[in-house]
Amino acid sequence: MMKKINTLLALASVAVCALAAPARAESAADFYKGKTVEYYTPGSPGGGYDTYLRTMIPYLEKATGAKFVPINEAGGGHLLAINKVFSAKPDGLTMVFADGEAALLGELFDLPGARYDLLKANWIARVNAETRMILFTPGSPYKTIEEAAHGDKVIKFGSTGKSDATSMASTTASEALGLKTKIVTGYKGSREFVRAAVQGEVDAISLSESSSARYAKGNKLHAVVALDHERSEFFPDVPTVFEAFKLDPAHAWWIDFQASFAKVGRSVLTGPGVPADRVAYLREVFKKVLADPELKAALAKRDAPITYAPAADLVKYTNNVLGSLTPEKKKEVRHVMLEKYF
């Protein structure tokens, strides 16, 4: 009888301990399994951002067990998509493949459409950063960038909005080289203003080197200059702006300023308040996925290279850009980039 009582007491003790033991905390990896992630891009369907986004998704889904839903939020100078992420529930289930250059510009100039604070963002990874190119159309009044710099005719550039990377490259290059420029905005994405260029609505556009390579096929558009100190690997025969011109420090500054934004490039981020373990998990997932040889090969076929950088670098670039200008210089930059050529 006593043996039976002891056995019952032992079993009861085990049951009590089992009830008292805390449940295993859910890991970030467990959290994402079976969830749906809204993955925004500022580009229009078929454009450069969209190509990266949709090519990455199967690899991200395999790595996380989550379903990634692509959402094209074009317009607003590429700022609408970032606003969506910052206003979303901070659970790590909403992220954006962002135009980092446009995002920084929107905040730097306090644009009405910029309802976010990048210093509070959770940067995940840089997917790609590239040299900017200027391309002329067959109907352009000039064939070379040197002719344009010394000519009297106005060059019409196409762009989505004043705060996007395309406009930034166009305005800074125009200021550095003395181009007579008029920028036409309102296109929803790169696909639209490229079509406008091909159809002769505008004379020139500025694009990343990989997008330039894609749209230059068939000689509908031709690259005339690389806006950096090094030639583009996609256009080894096209001179850099520093090879084509002897720029004094004041004019060279505009090219270098634009290039500093380009380091942020096309990057992934989520809004503030997302649990730290989920942010850390996403950073590791993207680091692994972006190193996948199969994904690199798939994107290379689309002239879309990966130039990964970790979140720590993006935080550093963001801090440098948002705190780099004196009030006087900021006023000058604002005039050049938001007013002078529009």
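This is a predicted model: local features need pLDDT of at least 70, side-chain atom pairs count only at pLDDT 80 or more; totals for chains, interfaces and linings use all residues.
A residue is called buried when its relative accessible area is under 20%, exposed when that value is over 50%, and partly exposed in between (1.4 Å probe, protein chains only). At 5% relative accessibility, E101 therefore counts as buried. Residues are numbered from 1 along each chain as its sequence is written, and side-chain values use heavy atoms, with hydrogens and water left out.

Side chains of opposite charge can pair when their charged atoms come close. With a salt bridge taken as a side-chain nitrogen of Lys or Arg within 4 Å of a carboxyl oxygen of Asp or Glu, the whole structure holds six of them. One of these joins the side chains of R132 and E101, at 3.9 Å from N to O. Because R132 sits in strand β5 (residues 132–136) and E101 in helix α5 (residues 100–108), this pair ties together parts that are 31 residues apart in sequence. Helices (H or I, at least four residues) and strands (E, at least two) are DSSP runs, numbered from the N terminus.

K217 belongs to the loop between α9 (209–216) and β9 (222–226), and D303 to the loop between α13 (293–300) and β11 (309–310), so parts that are 86 residues apart in sequence are tied together. Here K217 is exposed at 55% relative accessibility, whereas D303 is buried at 16%.

The pair K329 and E332 has its closest N and O atoms 3.1 Å apart. Both residues lie in helix α15 (residues 327–340), three residues apart, or about one turn of the helix. K329 is partly exposed at 22% relative accessibility, and E332 is partly exposed at 34%.

D164 is buried yet has no salt bridge, and the nearest side chain of opposite charge, R132, is 7.2 Å away. Leaving aside residues up to four places away in sequence, D164 is in contact (heavy atoms within 4.5 Å) with G77, H78, D99, A102, L105 and S159.

Terms used: Lys and Arg count as positive and Asp and Glu as negative; His and the chain ends are not counted.
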